[in-house]
Amino acid sequence: MVKDCGTVWDNCLRTIEGHINKQSFQTWFKPIKAVNLDNNALTIQVPNKFFYEWLEEHYVALLKMTIRKELGSGAKLEYQIPAETSNSTVPESSNSSKSISKDRGRISPGMLDTSHIKNPFVIPGIRKLNIDPQLNVNYTFGNLIEGDCNKLGRNAGLAIADRPGGTSFNPLFLFGDVGLGKTHLAQAIGNEILRQHKNKSVLYVSSEKFTNQIIQSIKNNAVNDFVNFYQSVDVLIIDDIQFLANKQKTQEIFFHIFNQLHQKSKQLILTSDRPPKNLEGMEERLISRFKWGLSADLQTPDLETRMAILEAKLQDESVEVPSEVIEFVAYNIKKNIRELEGVLVSLVAEAKLNQVSVDIDLAKKVIRNFINQENREITMDNIKTAVAESLQVPVEKLQAKTRKREFVVARQLAMYLVKSLTNHSLKNIGDAFGGRDHSTVIYSCKTVGDMMDVDESFKNTVNEIEKKLTLSMARA
């Protein structure tokens, strides 16, 4: 029976899945495609060179065992990288890791005399090659929580820290929305390189500072000194590269710096709020170079990762924060890690200054400053629906005259939540629940409060409904 490449690879995947954890399988094997089967040689396509190197370093034995199980002892595995990254097909290596070459049109640099280079980070006229890395020492891998949102970039960063300039993901292009940890990750790589390689020079600079330095160097007729200084560093980290858009002279100078550093196998790390292909106002020759290495997308962290971030931050604080408060905050602040940490700082400060404990009510108060009021508006209809769904009663029964206990409790609870979460008057609330008077509303609210005091299960139900309502209104 003649086997096709897809069937063979599917069988391989089933075997591999049984030997590694789910997350590793999803990350490193699901993106792979089988493209050809020639005799006993199976060719698989991997997304980029980073994947190839990672598979060779971590899974070569497993791949070898799996492919031979399917095709016999003489089976071979070959890798194919898409044309954008490389046109090479790389055969499986059993003894050494093979590199993937590509003509990148580099400019050969001349020998650099560093004895007279001016450092733009110090006062003009002072020459200094002992480069201040300009890094925040608090940005480390130790306090960078790993999740599915940043796994690829973090693993690439660790590999770069081991061998700066010696991996195929050069440059490392980190992109994602504001507040997702691009700067933290980029600087963590720089700090780790300095820790492991004492002789390496690392420099972090924002694109704004880079541009301002170029302007000053042009005014002082010192562009060559500027370029020579940047070409002397071993690791260059530029934050928010998208702000070089439409700055032609800055892009031209950076282009030559990039080429020289890359030619000398120096490491480049760039961050942006968008992938290279979406950079507008940027020269095509720069965009193509940004794609030479690895582009890693930093995504919005999931709930578990957000909770882990909060718990890690709390380790340095002396305030006790209940797990339900951490979950509540993580549910409400979803898209921005910086904002998530800001809520936590405000929450702890509020508790310390007012000498109160941290609870859900305090968390609600603090979060009001971070979520638009219009997104937090909860209506009576929202509350009725939420209560009816939670207690599994028809929503119309909340307004009916029936005295059946399950409907009475649901109606009283809905009134209680309307009173707690909205600004409606007692009369308006009574009118909305079958024309009942304000005294009925007061009685209902008191009854629910009393039940919560004596019935822990009922209290949890009320809190859960309230949390769902708040969360649903907090979504952008």
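These legends walk through several close-up views of a predicted model.

**View 1. Helix 11 and helix 12 pack against each other.**
Let's start with a pair of helices. Two packed helices are described by the angle between their axes and the distance between the axes. Here, helix 11 covers residues 303-314 and helix 12 covers residues 323-332. Their axes come within 9 Å and cross at roughly 125 degrees, which makes helix 11 oblique to helix 12. The crossing of these two helices is right-handed.

**View 2. The residues where helix 11 meets helix 12.**
Which residues of helix 11 and helix 12 make the contact? From helix 11, look for Leu303, Arg306, Met307, Leu310, Glu311 and Leu314. From helix 12, the partners are Ile326, Glu327, Val329, Ala330 and Tyr331. Sorted by class, this contact has eight nonpolar residues, three charged residues and no polar ones.

Side chains of opposite charge can pair when their charged atoms come close. Asp450 counts as partly exposed, at 37% relative accessibility, whereas Lys446 counts as exposed, at 54%.

**View 3. Glu146, Lys151 and Arg154 belong to one network.**
Salt bridges that share partners link these three residues together. One of the pairs is Arg154 with Glu146, whose closest N and O atoms are 3.2 Å apart. Is Arg154 buried or exposed? With a relative accessible area of 13%, Arg154 is buried.

**View 4. Lys404 pairs with Glu406 in a salt bridge.**
The closest N and O atoms of Lys404 and Glu406 are 3.3 Å apart. Lys404 has a relative accessible area of 47%, so this residue is partly exposed. Glu406 also counts as partly exposed, at 40% relative accessibility. How many salt bridges does the count come to? The count comes to nine.

**View 5. Thr250 is a buried residue in helix 9.**
Now we turn to a single residue and its surroundings. Helix 9 covers residues 248-263, and Thr250 is found within this helix. Thr250 counts as buried because its relative accessibility is 5%, and buried means under 20%. Which residues does Thr250 touch, not counting residues up to four places away in sequence? The list is Phe210, Thr211, Ile214 and Leu244.

**View 6. Tyr59 sits in the loop between helix 3 and helix 4.**
Helix 3 covers 49-58 and helix 4 covers 60-71, with Tyr59 in the loop between them. At 12% relative accessibility, Tyr59 counts as buried. Leaving aside neighbours within four places in sequence, Tyr59 is in contact with Ile20, Ser24, Trp28, Phe29 and Trp54. Take a moment to find Ile20 among these partners. Tyr59 and Ile20 are 39 residues apart along the chain, and 9.8 Å separates their C-alpha atoms.

Conventions. Residues numbered from 1 in each chain as written. Predicted model: local features only at pLDDT ≥ 70, side-chain atom pairs only at ≥ 80, totals over all residues. Heavy atoms only, no water. Axes fitted to C-alpha atoms, helices over the stretch in contact; angles between N-to-C directions. Helix = DSSP H or I, 4+ residues; strand = E, 2+ residues; numbered from the N terminus. Parallel < 35°, antiparallel > 145°, perpendicular 65-115°, else oblique. Left-handed = near helix turned anticlockwise from the far one by under 90°. Contact = heavy atoms within 4.5 Å. Nonpolar A, V, L, I, M, F, W, Y, C, P; charged D, E, K, R; others polar. Salt bridge = Lys/Arg side-chain N within 4 Å of Asp/Glu carboxyl O. Buried < 20%, exposed > 50% of the residue type's maximum accessible area, 1.4 Å probe, protein only.
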